[in-house]
Every structure is written in C-alpha cells, then in structure tokens.
Amino acid sequence: MRITSTSCICPVLVCLCFVQRCYGAAHHGSIKVTRNQTKHIEGETEVHHRPKRGWVWNQFFVLEEHMGPDPQYVGKLHSNSDKGDGSVKYILTGEGAGTIFIIDDTTGDIHSTKSLDREQKTHYVLHAQAIDRRTNKPLEPESEFIIKVQDINDNAPKFTDGPYIVTVPEMSEMGTSVLQVTATDADDPTYGNSARVVYSILQGQPYFSVDPKTGVIRTALHNMDREAREHYSVVIQAKDMAGQVGGLSGSTTVNITLTDVNDNPPRFPQKHYQLYVPESAQVGSAVGKIKANDADTGSNADMKYTIINGDGSGVFSISTDKETREGILSLKKPLNYEKKKSYTLNIEGANTHLDFRFSHLGPFKDVTMLKIIVGDVDEPPLFTMPSYVMEVYENAKIGTAIGTVTAQDPDMANSLVRYIIDHNTEEDKYFTIDASTGTIKTAKIFDREETPWYNITVTASEIDNPGLVSHVPVGVRILDINDNPPELAREYDVVVCENAKPGQVIQTITATDKDNSANGARFHFFLDEGHSLNPNFTLRDNEDNTASILTRRRKYSRTTQDMYYLPVLISDGGVPSLSSSSTLTIKVCACERDGRVRTCHAEAFLSSAGLSTGALIAILLCVVILLAIVVLFITLRRNKKEPLIISEEDVRENVVTYDDEGGGEEDTEAFDITALRNPSAAEELKYRRDVRPEVKPMPRHHTSASLDSIDVQEFIKQRLAEADLDPSVPPYDSLQTYAYEGHRSEAGSISSLDSATTHSDQDYNYLEDWGPEFKKLAELYGEIESERTT
C-alpha cells in the first residue's frame with residue numbers, strides 16, 4: 001500500500017513531504033509481502049529470497065489549530081491490490097477514527113474534521129486495513145500508523161512562580177545575584193523557535209539587570225543604600241521565538257527589598273544636656289532618659305550606654321532599654337542638696353554589633369555630656385539608724401526605759417522633731433515614748449514565755465511641718481529570768497513486771513523548762529525526802545537531764561498491790577534554783593519472760609489459762625450440776641443403807657474411791673485426826689464402819705500410863721498389826737493413811753510447801769510447752785530458777 005500526503009503548505013513542509021515520500025519509495029517499495037520457503041537439497045546452494053511487503057508506511061502530520069471551513073487533508077492510503085476498480089475497501093480504526101479522522105473507503109484519503117491542539121495531545125495511533133468489498137475478507141494484514149500534530153507558536157511564555165519577593169543586602173557589590181526567574185513555554189521545544197525564550201528587563205533599570213538566557217537578576221549599581229531607598233519593583237519579560245518580531249511574551253514582577261547592614265554609626269542629637277533631679281528622688285528610681293540616633297534598624301541599631309567619667313559616676317547609673325534603645329539614668333545613692341548641688345556625667349552610646357566591612361565609616365560610637373542639677377526640697381526627719389533592736393527583762397516594772405530613738409531634720413532649717421508610736425496593732429500599746437527625747441518605756445509587765453518579741457513602729461515628724469514624717473521599725477526582745485520551775489516532759493505510764501529483778505530500770509524520765517537554756521538547762525532529779533525510804537523503787541540521776549526509775553526488790557504481785565506511787569522532785573540550774581514535785585504512777589503487770597507486758601488487770605489470772613468468760617460460765621454451771629448430783633446421791637444413800645458386800649460369796653477385789661479433796665495442813669474439818677494428834681484418845685476400840693463385823697475383835701488392855709508413854713511410831717505399828725490380824729477385815733484392800741509427824745521430831749519437815757527454798761536440778765522449761773493451762777505454773781518455776789541462778 002502506498003501513502004500520499006498533500007498536507008504540506010509552507011516550503012519547509014513541502015520539502016519534508018518530498019523527503020518523506022522519497023524515503024518511503026526508496027526503502028520500502030510497493031511490493032506485497034509473500035513468504036517463499038525453499039527446501040535445502042544436499043549438494044545445492046541455498047537460495048535466500050527477500051519477502052515482499054504489501055504496505056508502505058510513514059508518519060502523517062496535521063497542523064494544529066486548523067481554522068479552515070473544510071476538513072484538513074492528512075494523507076492517502078493505497079494498497080497494491082487496489083486495481084482502481086473499487087473492489088478494495090479501506091477501513092480506519094484507532095484513536096479519533098470516525099470522529100476526528102475520517103477515511104474515504106474507496107480512495108483511501110484521510111481528513112481531519114476538527115481543530116487539534118498539540119499541547120493537549122501530540123499524536124494519534126490508528127490502524128488501517130484493506131478488505132475485499134465483495135467478500136469482506138482482508139486483502140492485507142491490519143497495520144498501525146501514527147498521525148502527529150504539527151506544532152505552531154500559539155503559547156506565550158509564563159512565569160509560574162511570580163510575582164516574586166526577594167531581599168538583597170544594601171551596599172552589595174555590583175553584579176551580586178538577586179534571584180533567577182524561569183518562564184515556561186507550552187510549545188514544542190524540538191520544533192522551531194516556538195519554545196525558545198529570551199529574558200529582558202522592562203522596569204528596574206539602572207539598579208538591576210537580567211541575563212537574557214538564564215534569567216538571573218543581578219545588582220547593576222555599587223553601594224545601594226537602604227537608608228536612601230529600600231524597596232524596588234522590577235518587571236522581567238520572557239519572549240519566545242528567540243526574541244524575534246512576532247514572538248509571544250509574558251512578564252512578571254520582582255519586588256526587591258534592600259536589607260540593612262550596620263553602615264551608620266550612632267549620633268547624639270546634642271553635645272550637651274541638662275537634667276533636673278530633686279534631692280527627694282528615691283534610690284533605684286529612674287531620673288532621666290537619653291538617646292543616640294542610629295539610621296540602621298534591627299540588631300544593627302542596638303546600643304549600649306555607659307558613663308565613662310564625671311563626678312557623678314558613683315551616684316548615678318545608666319542602663320539600656322532594648323525596646324526603645326534609650327539610656328535610662330537611675331539613682332544609685334541618695335541626693336543631698338545641702339552637700340552637693342550638681343553633677344557632671346560623660347555618656348557614651350556605642351553599637352553592640354559591628355560589621356568590619358564598614359569600619360572605615362566609623363567610629364560606631366558617640367559621646368555627650370550631661371549636667372545634673374540637684375533640686376532642694378523640704379525633707380522629713382531622718383533617723384540615725386534604719387532600724388532599732390532593744391531589750392528588757394521579763395517581769396520588769398511598768399515604766400522601765402528600754403532605749404532611745406533619734407531623728408534629725410536633714411534640711412538647713414534643722415527643725416525640731418516630735419516622736420510618736422504608731423498604735424496600729426495591740427503590741428504598740430505595750431510601750432510609750434517621750435515625744436521630745438524619743439525614749440521608749442514599758443507600759444505592762446511582760447512574760448517571755450508568753451511573747452518573747454515585740455515589733456513597734458516609731459514615727460518622727462517636724463514640728464513646723466507635721467506632714468513630713470518618717471518611720472523606723474523597733475524590735476523589743478524580752479529577756480528571760482528563771483521564773484518557771486521544771487516539770488516532767490510528759491505523762492509517763494510506768495509499768496513494773498511481777499517477775500522484775502532488783503536494780504532493773506523500768507522507766508527513763510526527762511524534764512522540760514519554759515525558761516530558755518540560760519536559766520535551768522541542767523536538771524536534777526531526786527526522790528521526795530519528806531517520805532520515808534521507799535522499799536519498792538529508787539531513782540537514779542543520769543546527769544544528762546534524764547533520770548531512771550529502778551526496782552529495789554523482786555516479785556511484785558498484782559493481787560497484793562497493783563499500783564504504786566513514786567513522788568519525784570526536779571530542780572533546775574537557774575539562779576535562784578526552782579523545783580517542782582511530780583508523782584509517778586507505777587502499775588504492776590504480768591509480763592512474758594522476755595519482758596513484754598501481757599496484762600495489767602487483776603482478773604487476768606482467770607484468763608491466763610486461755611479460758612474466755614463464756615467458758616468460765618460453762619465450767620461453773622457444770623460444777624453446780626455435779627454438786628446437785630452429789631447431794632442427790634448422798635440423800636438417796638442415807639435413805640437406803642445397804643452393805644457394800646451383798647453376800648459372802650461375792651468375794652472379789654473392790655476399790656472404793658473417795659473423791660474428797662482435803663484442804664491441806666490447815667484443814668481440820670475434813671478428817672478426824674485427833675487419834676494421831678493425841679494417841680491417848682484412841683484407847684477405845686474403833687470398829688470399821690464400812691462392814692458389819694461378825695467376830696468380836698480381841699480386847700486390848702492398855703493403861704492410861706502406857707498410852708501416854710507410847711511412841712507414835714509404835715502406835716502406828718500396833719494399828720498395822722491389828723489391821724492385819726483382825727478377822728473382821730473385809731476381803732478387799734483397804735487403804736488407811738496417817739499424816740501425823742509426832743512431837744518434837746528431830747527430822748525436818750517433809751512437807752512440799754517449802755520445797756521452793758531447796759535446790760533442785762530439775763529443769764521446768766518443759767512446762768512452757770504444755771499450753772496456756774500451765775502458763776502460770778511455768779512462770780512460778782521460771783522465777784524460782786531465775787532467782788536461784790542470780
């Protein structure tokens with residue numbers, strides 16, 4: 001297929017079209033592609049055939065922005081199979097086919113029906129095919145070709161970032177770069193000069209220039225001064241077609257501001273100043289201002305003021321206000337017109353940030369002279385001291401002088417001064433002052449322990465001018481005397497354990513005194529001598545303002561006495577010495593072996609076994625029930641008396657148990673032991689009451705004299721023999737106990753009541769493991785063991 005294009009209008013396009021056609025005819029030909037395959041025969045030379053191609057293709061071109069009334073001719077398609085008889089039909093598909101591009105299906109001519117914009121779309125890809133009109137079968141394979149939109153200069157250059165705002169330091173060198181601007185052109189940069197931009201300056205000369213190719217803006221003058229002109233508006237133009245006539249252009253504005261540098265030294269407007277300051281000006285207050293002018297701005301205009309010399313450098317000081325850049329003159333010492341009436345100061349103002357590039361424009365400082373005139377004013381009286389401290393002893397008599405304040409009129413008139421006390425508080429009423437002399441006296445009796453310090457204010461005024469007053473604070477310290485006796489520091493709960501040992505410290509006491517340390521810092525402790533020697537406790541002075549309470553004996557009992565009172569005397573070391581008496585209450589408590597208090601109440605003996613109140617009540621109730629049963633049993637037995645042995649045949653061992661518990665050696669009611677007490681009273685035969693005797697016992701003949709002389713031991717032996725030989729003895733064992741020791745026995749007592757005084761190697765520590773029921777017994781044996789060890 002061959003392509004014919006007649007869209008070349010201008011000579012250049014005609015040449016391009018001609019080259020295009022020649023190139024296509026020379027290199028592609030118009031031969032339909034056929035593929036012949038030759039079989040390789042051995043011994044024959046292989047022949048290569050070039051395949052035929054049936055399409056001739058090149059790119060089509062169409063001018064953008066076509067405004068003609070007729071469709072724009074693009075090109076022509078032609079197939080080798082087309083004999084011109086209309087049997088070939090051309091079909092066009094792809095981008096814009098049928099809408100933008102149309103084709104004559106018989107001739108193959110392609111036209112553009114719309115105006116195209118290259119900046120929106122640069123090319124279109126389409127497909128062409130030739131088919132048999134009768135059979136609709138393709139004569140050639142479908143092929144692809146491109147239609148490019150030919151660019152024309154229809155877009156002006158644009159500055160996308162404008163307008164611009166930029167700064168450059170003043171006094172910059174000529175040619176200093178300020179900013180580079182860039183314009184863009186939407187036209188095709190590869191085709192002609194439509195997108196070739198050239199820069200020029202329309203406004204801003206002769207101060208600035210622009211490079212035509214790069215768009216770099218530079219300074220065009222030397223030493224541009226910000227103080228002369230600060231802002232510049234520069235207009236830059238960008239033109240395409242390399243700046244030729246007919247090219248399109250665009251412009252932008254660049255606002256350039258010169259930034260400040262320190263190229264101007266400070267200057268005082270005047271070389272001499274005069275300032276009036278009254279002598280009543282307060283120290284530390286500002287009395288005047290001064291300022292040096294600087295044409296620069298920002299940190300380049302920062303200033304520092306100093307007093308370099310003059311007779312007032314010690315009386316005045318100067319500082320710099322960073323906001324206003326003024327020098328603030330302040331008063332360092334009070335002024336006195338009567339002593340000095342004027343001062344002279346030399347004040348220097350200098351820049352703090354220097355730029356050495358411009359040091360040749362300096363020096364960057366200036367000096368001026370300031371004369372200060374002191375004004376005379378009528379001043380109030382002046383006290384000789386800024387404050388007073390006076391002292392007086394407590395309990396001093398009313399009217400006691402404690403000190404004097406003095407004030408004078410500083411003016412030349414030297415008027416008389418009158419003194420008063422400001423009665424603003426209650427404390428001011430406790431003192432009086434002599435209006436002429438300023439002597440202060442007491443108006444009440446003071447107690448240091450109540451208030452140790454008083455603050456009052458004394459006012460002095462001129463008699464001729466009472467409106468001029470001055471004040472001074474006066475502090476009055478109340479001195480101490482020894483007027484308070486010492487006393488115990490607190491209430492003490494003193495406890496002594498029942499198992500305490502002699503010499504054991506049970507409490508350490510301290511004392512306190514309302515007086516200060518100068519009166520009674522050393523305390524002495526001793527027992528009240530008005531009482532007899534205390535057998536229970538003693539007191540030991542530790543000589544460090546403490547005393548210890550010690551026991552004097554062992555074994556305190558709560559049941560005997562649960563509270564002791566110990567009077568203690570305490571004296572201080574003041575002059576004269578004062579003393580006081582206090583009574584310590586000492587409680588007797590039950591303690592553990594390690595000294596910990598268990599209980600201090602008498603009823604604790606019942607709870608020591610670990611029984612609660614409910615348990616005790618239950619035990620008592622059981623005892624009452626048992627007693628009732630015993631009484632009932634005895635009553636029934638008295639009503640029915642029967643022998644213990646029913647028949648003679650019932651012979652067996654019986655044990656009769658009597659659960660009667662004796663009351664000890666002092667119990668004389670339970671058993672009749674008169675027989676043992678007095679053997680002579682046993683002269684009559686005593687029959688057993690528990691059996692009925694069938695055989696009369698053998699008679700015993702003893703005279704009164706023999707009974708009186710018989711020995712107790714012999715008496716017991718006789719009784720034993722009688723019991724063994726008595727035929728009426730019951731057939732079971734009977735135990736008879738005799739607990740009589742006899743008269744004037746040479747042997748010691750065998751009673752266990754005094755066994756605690758004997759030494760034994762028995763260890764009773766195991767009693768502590770038996771539980772709370774044996775706790776009291778373990779304590780008793782533990783105390784005995786401890787005492788014996790001591």
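Student: In which loop does Arg325 lie?
Tutor: This is a predicted model: local features need pLDDT of at least 70, side-chain atom pairs count only at pLDDT 80 or more, and totals for chains, interfaces and linings use all residues. Residues are numbered from 1 along each chain as its sequence is written, and side-chain values use heavy atoms, with hydrogens and water left out. Helices (H or I, at least four residues) and strands (E, at least two) are DSSP runs, numbered from the N terminus. Arg325 lies in the loop between strand 19 (316-321) and strand 20 (326-331).

Student: What is the phi of Arg325?
Tutor: Most residues other than glycine have a negative phi. Arg325 is not a glycine, yet its phi is positive, at about 60°.

Student: Is Arg325 buried, partly exposed or exposed?
Tutor: Buried means under 20% relative accessible area, exposed means over 50%, and partly exposed lies in between (1.4 Å probe, protein chains only). Arg325 has a relative accessible area of 23%, so it is partly exposed.

Student: Which residue forms a salt bridge with Arg325?
Tutor: A salt bridge needs a side-chain nitrogen of Lys or Arg within 4 Å of a carboxyl oxygen of Asp or Glu. Here the closest N and O atoms are 3.4 Å apart, and the partner is Asp302. The pair links distant parts of the chain, 23 residues apart; the partner, in the loop between strand 17 (286-290) and strand 18 (303-309), is Asp302.

Student: How far apart in sequence are the parts that Asp366 and Lys271 tie together?
Tutor: Asp366 and Lys271 form a salt bridge, with their closest N and O atoms 2.9 Å apart. Asp366 is in strand 22 (residues 365-375), whereas Lys271 is in the loop between strand 15 (249-259) and strand 16 (272-278), so the tied parts are separated by 95 residues.

Student: Is Arg226 buried or exposed?
Tutor: Arg226 pairs with Glu227 in a salt bridge, the closest N and O atoms being 2.9 Å apart. The relative accessible area of Arg226 is 9%, so it is buried.

Student: Which residues are linked with Arg226 in a network of salt bridges?
Tutor: Glu227 is partly exposed, at 27% relative accessible area. The network joins Arg226 to Glu227, Glu230 and Asp260.

Student: What is the omega of the peptide bond from Gln205 to Pro206?
Tutor: Most peptide bonds are trans. Pro206 sits in the loop between strand 11 (198-203) and strand 12 (208-210). The bond from Gln205 to Pro206 is cis, with omega near 5°.
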